[in-house]
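Here is a brief report on packing and strand pairing. Please view the sequence and structure first.

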Amino acid sequence: MSGTIATLVTVLQSDGIIPRGSRVEVFDAIYWVFLVLGALVGIVVIGYMLYNAYKYRDVGETDEDAAESKKVERPKLGELPRGGGGGRKLFLSFTLSAIIVISLIAWAYGILLYVEEGAAEEPPTEQAEALEVQVEGYQFGWRFTYPNGHTVDSAVGDSFKVPADRMVRLNVTSADVFHNFGIPGLRVKSDAIPGQYTQQWFIAEDPGTNYTARCYELCGAGHSDMTATVEVMSQEEWQNWYEGTGNETETGDDGNQSDGGDDDGHALEDVLEEPVDYGMEVHA
Amino acid sequence: MPDDNNGDDGSVPSGERDASPESRADGGEVTDGGHAVREELPAGDEHGHDFPSMGTVKRWLVTTNHKDVGILYTVTSLFFLVFGGLLALLFRLELTTASGSFLTGTAYNQAVTAHGLLMVFFFLSPFAFGFANYFVPLQLGAKDLAFPRLNALSYWLYLLAGGLFGLSFLQGSTFAGGWTMYAPLNLPMYLPEGVGSTTAVMAMIMFVISVTVSSVNFLTTMHRMRAEGMRIRDMPLFSMSILLTVWMMLFAFAALLAALIILASDHILGTTYFAATEGGSLLWAHLFWFFGHPEVYIVFFPALGMMAEVFQTFTGRRIVGRKWFIAAMTLVALQSFVVWMHHMFLTSINLEIKTLFMATTIGISLPFDLMVFALIYTMIKGRIRFTTPFLFAFGALLLFIVGGITGVFLGAVVLDYEFRGTYWVVAHFHYVMVGGAMAMFGALYYWYPKMTGKMYDEFLGKAHFALSFVGFNLLYFPQFVAWETPRRVYNYQPEFVTWHQLSTVGAFVFGLSFLLMFYNFYKSYHHGEDAGDAPWKYASSAEWAIPSPPSLENFPGVPSYKGGSLSFLSEEEVHGAAAADGGPAHGHATGDAHAGGHDDHASYWPLLSSVAVFVLFVGLAGTNGGGTVYTATAALGGLALLGTAAGWVVESFHVSEPELASRWPFDGVENTKLGVWIFLASDVVVFGAFVGSYIFIRVAEGWQNWHHLLPADHVVLPGLINTYLLLASSFSIVLAMVAAEKKSRAGVVAGLVTTLVLGIGFLINKGIEWSHFFHIHSEHFPEGWTFGTNVASSTFYLTTGMHGLHVTLGLLVLLWMIPRAWRGAYTSTEDGDKPLEYFGLYWHFVDIVWLFLFPLFYIL
């Protein structure tokens, strides 16, 4: 946690108020600001509430109360409802809360603009071109199609291989029902809707790391198991692998990264469970 | 001071009669006169309806009294709480391990889906409406709702809709596509085999019909039957919250009704709305969330109103900034219809729309800040008594603050991107929704003494609060910590397993705490102390000024706030006041002057009609794939429905409108007409949703890229002929009304018969057209152009078919009216032509709808 806050501070310092960088960095910055402020507001408001509840608890009628109850008007049975005054204080607190919320959201909106537009215009790394990948969800797995037409399929145990430090743009759709493609570790998520294409991007920073992509919209009996492994490779490794894929027939088999002695990749393949057969036809 | 005149009709014991004069004498305050709790009174039998006592089963089958119906709603909703709760415990057990254990994928999906649907639809709202039924008329000063039989109908439709939903479990599998029912997973091709899924959809439709009937009833009541001197803004906050809730319900549920009818049509008729690759999936999301976001407030507002009441009573303070509180609620109610796309930030909607909906979403969160502060400030200078109701309301406010703050996170779109589909959302809305439910449990303790006449056990109540509050937080707070878990999976990241186990423990603590509540209520009902009329000091609304439980006719006189606070007028006073005011609106009030009146309270028809609908829907659900047994069942149900409808209208059921009431802004309309208006307003939204769906799908397909989906024989002429037929029929119904004013019996009959003939002509013309399309053998459509041929045929048949159904219903009513007109029913008495006017309104509406459909489906 302290590491994350340190990240947050660095991000804020280096990039001004609007954090930039990978989606993980952006998310962490905004999440922790919201969390800290939210917790603070929550503690103050709830604390004040508990304090008042205690302070004005009924302790039976004392002399002071008796004196005060002459001044304080109490609701009477059968009266037409009316307010108890105190409007100014109410408005003050309301304005304060509105200012906090609106400025927070305005700030978050700046980040949204960065995520949606800024990042598109200026790729944060020296790698000029982003990698564009088609992602197609189906019951129950994910198909990833690279620019050269190579397709990998999570249901037969293929992993989704991406280069580190390079922007990856996803063009997400579905072959059947509404899915949602998300890689929580990379803070990217997108609805996968039949007949629609949704665009998202991410940058993975650590080569050799594996992430799990999951489905975030209920899509049927196999929803819980609809995962895919996202494998981050160094750029050369990835390039080597990728160049070997272009001319092959798209059998979806995973034997084509045998070049580079990719230990992580193989370890991963061992870990992968047997592909679950939901009786779905896998068409490449 | 004229004497209270109620003693003589037997509905008020003499001890009760003091209340009114006393209250007038001391400046309007109604004192707690310590009236004894009375036996249930034998009701008048003058109109041939005997009204059995509360101890009999028959009473509960026939009752139309709002207090009885309120109790029925409350008890039934608690049953569904247990049902939905057990399902939750089932999948919480499954979630104690990070990988699948004992539930299969389909079983798990059924459990989470049914849990959501049961809790949101069959528990939360009906629980709130149990209180609304019981207390809104009391708080307003009305004897009952405007249409007591329709109120009973709402209840029975609700109960049997729940029964239908339960039945779906036994038909292979209930609906398993999540409570949001996203398309196209909501279609038979993706759902588990069997009729169950369709039955669940039909159950939802039945529920929505119940809600619509109820909305019309409440709106008419609340706008036309408030006690003299009580303006809309003077209503107690609970009633105010219900008024806004019901307005939202009227329109939001209409959109859901359209969505569900389309879904049922996709299931049963084989139309292809949601299977349409271009836009079908998004269409559902738009329709569902257009309903779904207002639904959040529909569920929460009553809880908020109850919190406000409980806070005022137990702090002994009037609420701070009352008019701002009301303004904030009104703003939220309006704005709730323009925030729905924040549920769809990750769909392909563009940045501009995201920005707009982010702004409206944040905008709608601010009024809640104001309401929360108002409640907190109300405690200042209070004399706070920590009774069970207050503890629950206080706890609910605390939970709502947590739910609200975590909701702001979701308003920031970039955060929403990550929270979408995770336990953050689950935890957030449970803090809000179940937090609201906590307030309602508080309200149950608050009003229990009024409803039963007995005081609950305070110790057990507090123990229930303590256990449930701890259980609640143990259940939902760990879900924030483990928020990266995807929703609705049983296979999740192993690092969160401890948090989910804690959550499961919390679920059991929370669930078991309700055993205390049930035991407490059971025990107190039989052995509790008598509560007296006003057990709570500083309670101010009218229900506390009458005995616990209140008598059948509620008040010892005619309630009035004219003097600034509640008093009960005698008949003479009422007549004096009414005469001074120029008499009641439109002379619809009866000659029956008794406040205690001779209104009817018993009818079998609401129950029987609901059973007929139940049978019809069971059958309809299975007509596509269930076999002929289902078709026969549907036919049986349809006939039964016609029969019960006839029984309903034949039954003489007397309900008087109050002579003296605040009716702004509907002074000039009588209850039934207002009811018809309100119903038509919701029907406008239903048709609006149908037309909107057609436009949405056509735009997705390409507006001009549409005509190749239509057969060449789809020409303008049949539509044009039908337009003339309907326009002519609108004219003939006007002629009938003119004739009725002139007391010309023959003229009325002629007008109605002409309308009937024109309407039948419309249907015949349509039948010929449809039959022709069905049997086309063209190059493009060798198999005919039927419901499921393509999106164009689907939208054409379903939209114009819905209209045709409206025409058919109208004609059935005409068939009923013509013989009555022949016997002079609409010409023999002063106000006899009213039914003609109501029917005319409906018929004009149906014609106007056609004027929109004709260009959309025949010309463009």
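## Cores and strands

Phe121(B) is in contact (heavy atoms within 4.5 Å) with Gly116(B), Pro126(B), Trp179(B), Met204(B), Phe207(B), Phe253(B), Leu256(B), Phe291(B) and Glu295(B), leaving aside its neighbours within four places in sequence. This is a predicted model, in which local features need pLDDT of at least 70, side-chain atom pairs count only at pLDDT 80 or more, and totals for chains, interfaces and linings use all residues. Residues are numbered from 1 along each chain as its sequence is written, chains are lettered from A and ligands numbered from 1 in the order in which they are written, and side-chain values use heavy atoms, without hydrogens and water.

Phe121(B) and Phe34(A) have the most contacts inside the largest nonpolar core, which has 330 residues. Such a core is a set of buried Ala, Val, Leu, Ile, Met, Phe, Trp, Tyr and Cys residues joined through side-chain atoms within 4.5 Å. Buried means under 20% relative accessible area (1.4 Å probe, protein chains only). Helix α7 (residues 237–268) of chain B gives this core the most, 23 residues. Another core, of 36 residues, lies apart from it; Trp142(A), Phe144(A), Tyr146(A) and Val168(A) are among its members.

Strand β2 (residues 141–145) of chain A has four of its five residues buried, so the rest of the structure largely encloses it. Helices (H or I, at least four residues) and strands (E, at least two) are DSSP runs, numbered from the N terminus. Two strands pair if DSSP finds at least two bridges between them.

| Antiparallel pair | Bridges |
|---|---|
| β1(A) (residues 131–138) and β2(A) | five bridges |
| β2(A) and β3(A) (residues 151–153) | three bridges |

Tyr138(A) has Gly141(A) in β2(A) as its bridge partner. Two residues separate β1(A) and β2(A) in their hairpin. Arg143(A) stands opposite Asp153(A) in β3(A). The β2(A)–β3(A) hairpin has five residues between its strands, and Gly149(A) in the turn has a positive phi of about 95°.

Key: Buried means under 20% relative accessible area, exposed over 50%, partly exposed in between (1.4 Å probe, protein chains only).
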